[in-house]
Amino acid sequence: LHQLGLPLARRLEILCDTATALWRPAPDPAHSWGLPTGADKARRLIDYIQVTWAALGRPCSERAVDGAPACAARRAENHDDERAMLAHGDIHQWNVMEAPGQGYKLVDPDGVLAEPECDLGVLMREDPVELRLGDPWDRARWLARRCGLDATAIWEWGAVERVSTGLVLTGIGLQPVGREMLATADYVVRSLGHADHQPADLLAVRFVQ
């Protein structure tokens, strides 16, 4: 999909439609193929962010780092086996291929049994520079409307994905995209502009609602 050079709005449409075509109810827990749940993923990312941020010399603000684990903790708490879907886990433009006569297909799945908003959180971390060009929450709202999902859950997964992936890419030296993701994480918390020192993630959720 990346090589087609489509505008962001069209790419998001394709990514949403390809994701929704994939999602299906999770199998019985006894036959889940050992896939992690959304709660498992959230807890793993909490640990990763807290350890890696310090190890890399604090490449983004403490406020951004504090907000991401708080968002992840809420997604873990909200995990519901009854609502969980078989999800891809890493939907972005490099993991979608055009299939002539068949639309688009997803490749390279991580595999996770999670609320579908987990997949759309990845789209909140991708194209980080463009996210800063307008109201960052507009993308979460648009994704929620397109797929009939919850904007707050998408926003929270996006906060986690943006910081964790930014740290991954910084650690392996994949720049400038890693730096751009972390810069956007910082921008989001700064743009809240509140002086009451509430956690940035809580302010963001209230803004979405």
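Modeller: Before we start, contact here means heavy atoms within 4.5 Å. Helices are DSSP runs of H or I with at least four residues, strands are runs of E with at least two, and both are numbered from the N terminus. This is a predicted model, where local features need pLDDT of at least 70 and side-chain atom pairs count only at pLDDT 80 or more, while totals for chains, interfaces and linings use all residues. Residues are numbered from 1 along each chain as its sequence is written, and side-chain values use heavy atoms, with hydrogens and water left out.

Biologist: Fine. Which residues of α1 and α6 meet?

Modeller: On the α1 side you have Leu-8, Leu-12, Glu-13, Cys-16, Asp-17 and Thr-20, and they meet Arg-139, Trp-142, Leu-143, Arg-146 and Cys-147 of α6. That contact divides into six nonpolar, one polar and four charged residues. Nonpolar covers Ala, Val, Leu, Ile, Met, Phe, Trp, Tyr, Cys and Pro, charged covers Asp, Glu, Lys and Arg, and the others, Gly among them, count as polar.

Biologist: Why are α1 and α6 called oblique to each other?

Modeller: Helix α1 (residues 8–22) packs on α6 at about 45 degrees, with the axes 10 Å apart. Axes are lines fitted to C-alpha atoms, for helices over the stretch in contact, and angles run from 0 to 180 degrees between N-to-C directions. Under 35 degrees is roughly parallel, over 145 roughly antiparallel, 65 to 115 roughly perpendicular, and the rest oblique. So α1 and α6 come out as oblique.

Biologist: And what makes α6 and α7 oblique?

Modeller: Helix α6 (residues 137–147) and helix α7 (residues 151–172) pack at about 130 degrees, axes 8 Å apart, and are therefore oblique too. Trp-137, Ala-140, Arg-141, Leu-143 and Ala-144 of α6 make the contact with Ala-151, Ile-154 and Trp-155 of α7. Those residues split into seven nonpolar, no polar and one charged.

Biologist: How do you know what kind of pair the rings of Trp-137 and Trp-155 form?

Modeller: Rings of Phe, Tyr and Trp (its six-membered ring) pair if their centres lie within 6.5 Å; planes under 30 degrees apart are stacked, over 60 edge-to-face, and the rest tilted. Here the centres are 4.8 Å apart and the planes at 15 degrees, so the pair is stacked. The structure holds one aromatic pair, and its two residues are 18 residues apart in the chain.

Biologist: What makes β1 and β2 partners?

Modeller: Two strands pair if DSSP finds at least two bridges between them. Two bridges join β1 to β2 (residues 85–87), running antiparallel, so the pair qualifies under the rule of at least two. Pro-25, for one, has Met-85 as its bridge partner in β2.
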